[in-house]
Amino acid sequence: MNLGILFLKVNTTGVITLSELDWITNHQSQFSRLDMAIVLKIGRLMDEGIIEVDCRLPV
């Protein structure tokens with residue numbers, strides 16, 4: 001997965017899945033400063049309610 005592509009997808013759909021959040025937290029130590037700025041932006045958008053957490057159960 002690529003953080004830049006994930007950021008664009010999340011901005012477009014307004015939804016982030018729990019597996020995507022898990023991926024971010026598992027790879028956080030490998031992120032550059034720019035990547036961390038993107039992660040912080042995603043967190044702020046979640047706090048503002050612009051991005052929702054999609055927690056649907058798999059079918």
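Q: How are the residues numbered, and which values count here?
A: Residues are numbered from 1 along each chain as its sequence is written, and side-chain values use heavy atoms, with hydrogens and water left out. As the model is predicted, local features need pLDDT of at least 70 and side-chain atom pairs count only at pLDDT 80 or more, while totals for chains, interfaces and linings use all residues.

Q: What span should helix 3 have?
A: Helices (H or I, at least four residues) and strands (E, at least two) are DSSP runs, numbered from the N terminus, and the expected span of a helix is 1.5 Å times one less than its number of residues. For the 15 residues of helix 3 (residues 33-47) this gives 21 Å, which agrees with the 21 Å between its end C-alpha atoms.

Q: Which residues of helix 3 are buried?
A: An α-helix has 3.6 residues a turn, so residues three or four places apart point the same way. In helix 3, Ile38, Val39, Ile42 and Leu45 are buried (under 20% relative accessible area, where over 50% is exposed and in between is partly exposed, with a 1.4 Å probe and protein chains only). These buried residues fall within an arc of 120 degrees (taken from the directions from the helix axis to the C-beta atoms), so they line one face of helix 3. On the other side of helix 3, Arg33 and Asp47 are exposed.

Q: Which residues of helix 2 are buried?
A: In helix 2, Glu20, Trp23 and Ile24 are buried. They cover an arc of only 100 degrees around the axis, which puts them on the same side of helix 2.
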